[in-house]
Amino acid sequence: MERTLSIIKPDAVKKQVIGKIIDRFESNKLRIVAMKKIKLSKDQAQNFYAIHKDRAFFKDLVEFMTSGPVVVLVLEGENAVLKNRELMGATNPKEAKSGTIRADFAESIDANAVHGSDSLENARNEIKFFFKEDELS
């Protein structure tokens, strides 16, 4: 069983589609191991997205991710990283396949509803960023 991290971003939280997104995970055999709703500080967002710090969109990404609450989840299942990425769809919702989370709920390439770990290694690091071991069941 793999674990991966998913973040329901501020745009999707504001639209009140948290439950619909969670249903996509559970309907596709991804079990929720941990979940919390938080408001990221600027420092947290900068640290979480540090890999992008030299990219032109970094400042806007940090501002967006701190613009409202997010829901952070740890998902578990067979091929969880890949399955979650398939459910999310392409980063740009205009390119996302019909029926994916981003095609259905995202507004733009910036406000694209969800984040998901892109590898098992990153999933482990991202999970540790948000959750202590005793918060995972």
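**Nonpolar cores**

A nonpolar core is a set of buried Ala, Val, Leu, Ile, Met, Phe, Trp, Tyr and Cys residues joined through side-chain atoms within 4.5 Å; buried means under 20% relative accessible area, exposed over 50%, and partly exposed in between (1.4 Å probe, protein chains only). The model is predicted, so local features need pLDDT of at least 70 and side-chain atom pairs count only at pLDDT 80 or more, while totals for chains, interfaces and linings use all residues. Residues are numbered from 1 along each chain as its sequence is written, and side-chain values use heavy atoms, with hydrogens and water left out.

The largest nonpolar core has 22 residues, of which Leu-5, Ile-7, Met-65, Val-72, Val-74, Phe-130 and Phe-131 touch the most other members. At least two residues of this core come from each of β1 (2-8), β2 (31-38), α3 (42-48), α4 (58-65), β3 (70-77) and α7 (120-130). Helices (H or I, at least four residues) and strands (E, at least two) are DSSP runs, numbered from the N terminus. Helix α4 gives the largest share, five residues. Another core, of 19 residues, lies apart from it and includes Ile-8, Leu-73, Leu-87 and Ala-106.

**Helix α5: Asn-84**

Asn-84 is in helix α5 (residues 80-88). Asn-84 counts as buried because its relative accessibility is 0%. Contact means heavy atoms within 4.5 Å. Not counting residues up to four places away in sequence, Asn-84 touches Thr-4, Leu-5, Ser-6, Phe-25, Leu-30, Leu-75 and Gly-116.

**Helix α5: Val-81**

Val-81 is also found in helix α5, and is buried with a relative accessible area of 8%. Leaving aside neighbours within four places in sequence, its contacts include Glu-2, Arg-3, Thr-4, Ser-117 and Ala-123. Val-81 and Ala-123 are 42 residues apart in sequence, and 7.6 Å apart in space, C-alpha to C-alpha.
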